[in-house]
Amino acid sequence: MLRTLAHIVAVEHEWVSTLQGVDDIQHQLDEYETLEQVRAFSDQLRPEIESFLQSWGPEKESGKFEASRFGRNFVFPYSEVVSHLIAHEIHHIGQLSVWAREADRQPPSANVIFRGLFG
């Protein structure tokens with residue numbers, strides 16, 4: 001579970017950094033061995049991620065991200081990348097919910113309505 005939580009934070013930060021023109025950020029997930037370390041990791045990166053998302057506007061909506069993968073070139077709108085990040089987090093919320101139930105724990109809420117994502 002800890003690795004998955006660190007993975008969620010790392011992927012979000014890596015994509016946001018890439019959209020800001022900073023390439024090749026690769027977080028080492030094995031460094032986070034306790035929940036406190038994962039929380040500190042999240043708290044460290046949260047201001048940068050929040051700043052990027054709070055400054056969202058038409059110029060970012062129409063921004064394009066270019067990538068080369070599998071010998072092909074791709075162009076994605078920034079909005080598609082951010083939509084992917086949201087889907088990625090929701091996927092892992094579901095995964096963590098299953099694990100929590102298996103451990104007789106309360107699963108995390110999958111409700112994104114009350115998270116203040118858009119204001």
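A search of the whole structure finds 2 salt bridges (a side-chain nitrogen of Lys or Arg within 4 Å of a carboxyl oxygen of Asp or Glu). This is a predicted model, in which local features need pLDDT of at least 70 and side-chain atom pairs count only at pLDDT 80 or more, while totals for chains, interfaces and linings use all residues. Residues are numbered from 1 along each chain as its sequence is written, and side-chain values use heavy atoms, with hydrogens and water left out. Helices (H or I, at least four residues) and strands (E, at least two) are DSSP runs numbered from the N terminus.

**Salt bridges**

- Asp 30 and Arg 3 meet through their side chains in a salt bridge of 2.6 Å, N to O. The pair links distant parts of the chain, with Asp 30 in the loop between H1 and H2 and Arg 3 in helix H1, 27 residues apart.
- Asp 30 is exposed at 60% relative accessible area, and Arg 3 is partly exposed at 48%; buried means under 20%, exposed over 50% and partly exposed in between, with a 1.4 Å probe and protein chains only.
- Glu 12 forms a salt bridge with Arg 46, the closest N and O atoms being 3.0 Å apart. Glu 12 lies in helix H1 and Arg 46 in helix H2, so this pair ties together parts 34 residues apart in sequence.
- Glu 12 is buried, with a relative accessible area of 14%, whereas Arg 46 is partly exposed at 27%.

**Lining of the largest cavity**

- Helix H1 (2-19) and helix H4 (78-102) each supply at least two residues of this lining, and H4 gives the most, with 3 residues.

**Backbone**

- Asp 104, in the segment after H4, has a phi near 55°, a positive value in a residue other than glycine. Asp 104 counts as exposed, at 72% relative accessibility.
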